[in-house]
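Trainee: Could we go through this model together, slowly, and begin with a charge and a ring?
Mentor: Gladly, have a look at it here.

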Amino acid sequence: MNNWWQNAVGYQIYPRSFYDSNGDGIGDIKGIITKIPYLKKLGIDFIWLNPIYKSPNVDNGYDISDYKDIAAEYGNMAEFQELLATCHKENLKVILDLVVNHTSDQHPWFVQARKGKDNPYRNYYHWQDATEQNLPNNWQSFFGGSTWSLDEASGQAYFHVFAPEQPDLNWKNEAVRNEIYQMIRWWLDLGIDGFRLDAISHIQKEPWNFKIKDNPWAPFMNVAGIDSYMKDLQQIFKEYKVMTVGEASGVSSKKAVNWTDSDGYLDMIFELEHNVRKGIPGEERIDLLGFKKVIARWQKDLGEKGWNALYIENHDNPRFNSILGNETKKSAKAVAMMYLLLRGTPFIYQGQELGMTNYPFQTIAEVDAKDTLSFYRRLLAEKKSKKEALKLATAWSRDHARTPMQWDDSEHAGFTTGRPWLEVNPNYKKINVIAETEDTDSVWNFYRKLIRIRKQEKTFATGAFELIAQNDPDIFAYLRKGEKQFLILTNISEKKRTLTLPKKIWQRNWRLCLANNEASQQALDKKISLAPYDAFLFVLE
Ligand code: GLC
Ligand code: CA
């Protein structure tokens with residue numbers, strides 16, 4: 001266990017919404033530099049930045065038109081290098097997003113490719129003969145609609161697993177691979193500390209005549225042949241000794257061992273299975289039991305060999321304090337303790353450490369995310385009322401997590417002096433950095449304590465994981481066993497609960513280290529009662 005990232009805590013920055021330094025309403029690189037002291041105070045070790053490259057922003061930066069330049073609204077290369085140098089001086093590592101499954105349709109390669117069948121860049125992408133009535137196959141894209149967009153001029157269609165403005169690169173083409181590998185080296189030569197690999201499990205596709213049976217995404221999920229590309233990437237990352245975390249949906253917990261063990265392609269991967277939902281559409285929440293089973297399976301399957309990336313929020317999902325918690329300080333803290341002490345490298349998404357909540361959408365004009373908008377239009381076409389469509393489309397929208405970071409109680413939460421690109425959550429007067437850093441009982445201070453404990457105690461990095469009360473629908477409880485033993489007990493529900501502990505636990509002598517309810521004098525007994533959203537950390541004496 002001697003990799004720095006195994007004892008580290010990461011922080012995900014969504015640059016557009018973090019801090020705006022020049023009043024144009026959009027967060028930027030200078031803004032991030034200004035907030036480095038804040039990140040240090042929280043106690044994190046590295047930051048992951050969502051894409052900052054040049055982009056027409058059809059998918060907020062995940063449609064790159066120049067891999068080696070910075071989007072003008074975020075700054076420029078000199079400012080990026082200043083950010084990198086300042087972070088390094090402060091002992092903070094910097095991870096960038098690597099988006100190589102697709103480019104923007106404005107990328108010069110695609111602009112060329114589109115010119116015709118004979119263009120030398122044509123084969124950088126996937127093209128097949130097609131007509132409106134006769135597309136190459138019936139595969140569906142993640143953002144809705146066919147994976148094929150027709151180019152009438154050439155009588156062919158090109159392939160995209162996301163939006164039509166995000167054509168997929170043809171990894172089978174060696175020239176493409178060489179361009180990508182060279183670009184990766186270019187960034188690593190600048191001294192960055194690693195990458196989060198976007199949508200990496202989709203770079204290989206099944207043959208176009210592959211027939212979908214049950215899983216609509218099967219034709220581009222961790223498809224055979226991907227391994228040789230991953231080995232190439234591994235080689236480069238190894239050479240530079242950088243940290244890598246893959247967004248690898250479709251890589252099962254069993255297969256993830258191969259991806260993340262000491263000889264794995266990557267250091268760790270984000271699983272995309274834990275958002276198990278329950279409830280009626282429009283009012284769905286996370287089903288704790290489903291969530292817990294997924295997490296426990298990953299903990300177990302990766303075991304001592306593989307390595308987990310731990311997260312509950314990111315820029316693609318709603319706020320956990322709304323979909324699992326009840327939007328209180330207490331539930332934010334309970335959820336924090338529940339996941340932050342698992343085995344793996346935890347990531348905190350900006351604002352999560354404040355207990356930020358979902359945005360109360362009143363009109364569709366407040367929505368930016370393209371997938372939410374197209375969902376809304378589809379619902380209207382299905383004759384849903386505007387009110388109903390808004391509710392259904394925004395319930396799980398990515399925009400909940402993308403509202404600006406709440407820095408203080410001044411206008412626009414101190415995020416910008418201009419007009420923010422996305423509305424600020426109206427609860428910023430109460431939930432903000434200034435208020436919470438000053439309040440010793442805040443969510444923020446609880447995160448800070450958890451981070452500190454996690455890093456002080458080697459057991460959290462190296463210890464084994466053992467789930468307790470496996471089938472309990474409200475309680476997430478587990479042991480971490482290493483040099484020391486810790487017991488994490490959380491009631492992730494609004495119910496009062498009593499839990500009967502196994503003898504091997506209650507017979508021994510446990511001391512309370514941390515609770516999200518200062519008033520509680522919880523001692524460990526055979527039967528333990530838990531108030532709604534109670535969370536306790538015990539250590540074995
Ligand atoms: C990943 C990103 C998401 C993006 C998609 C396409 O899933 O997290 O934000 O839309 O890839 O690049
Ligand atoms: Ca700005």
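Trainee: Which ring does the charged end of Lys35 sit over?
Mentor: The charged end of Lys35 sits over the ring of Trp407, 4.1 Å from its centre, where sitting over a ring means that NZ of Lys or CZ of Arg is within 6 Å of the ring centre and within 35 degrees of the ring normal. Arg16 likewise has its charged end over a ring, that of Trp421, 5.2 Å from the centre. Please keep in mind that this is a predicted model, in which local features need pLDDT of at least 70 and side-chain atom pairs count only at pLDDT 80 or more, while totals for chains, interfaces and linings use all residues. Residues are numbered from 1 along each chain as its sequence is written, chains are lettered from A and ligands numbered from 1 in the order in which they are written, and side-chain values use heavy atoms, with hydrogens and water left out.

Trainee: OK, new topic: what are the protein donors of the calcium ion (ligand 2)?
Mentor: They are Asp20 (OD), Asn22 (OD1), Asp24 (OD), Ile26 (O) and Asp28 (OD), which lie 2.2 to 2.3 Å from the ion. Donors are N, O and S atoms within 2.8 Å of the metal (3.2 Å for Na, K and Ca), and sites may look incomplete because water is not among the atoms.

Trainee: And is Ile26 buried or exposed?
Mentor: Ile26 counts as buried because its relative accessibility is 14%, whereas Asn22 counts as exposed at 52%; buried means under 20% relative accessible area, exposed over 50%, and partly exposed in between, with a 1.4 Å probe and protein chains only.

Trainee: Back to rings, then: how many aromatic pairs does the structure hold?
Mentor: The structure holds 46 aromatic pairs, and rings of Phe, Tyr and Trp (its six-membered ring) pair if their centres lie within 6.5 Å, with planes under 30 degrees apart counted as stacked, over 60 as edge-to-face and the rest as tilted. One of them is the edge-to-face pair of Trp5 and Trp307, at 6.2 Å centre to centre and 65° between the planes. These two residues are 302 residues apart, so the pair links distant parts of the chain, and both Trp5 and Trp307 are buried.

Trainee: Why is the pair of Phe142 and Trp217 tilted?
Mentor: That pair is tilted because the planes are at 40°, with the ring centres 4.6 Å apart. Phe142 is partly exposed, with a relative accessible area of 25%, and Trp217 counts as partly exposed at 26%.

Terms used: Helices (H or I, at least four residues) and strands (E, at least two) are DSSP runs, numbered from the N terminus.
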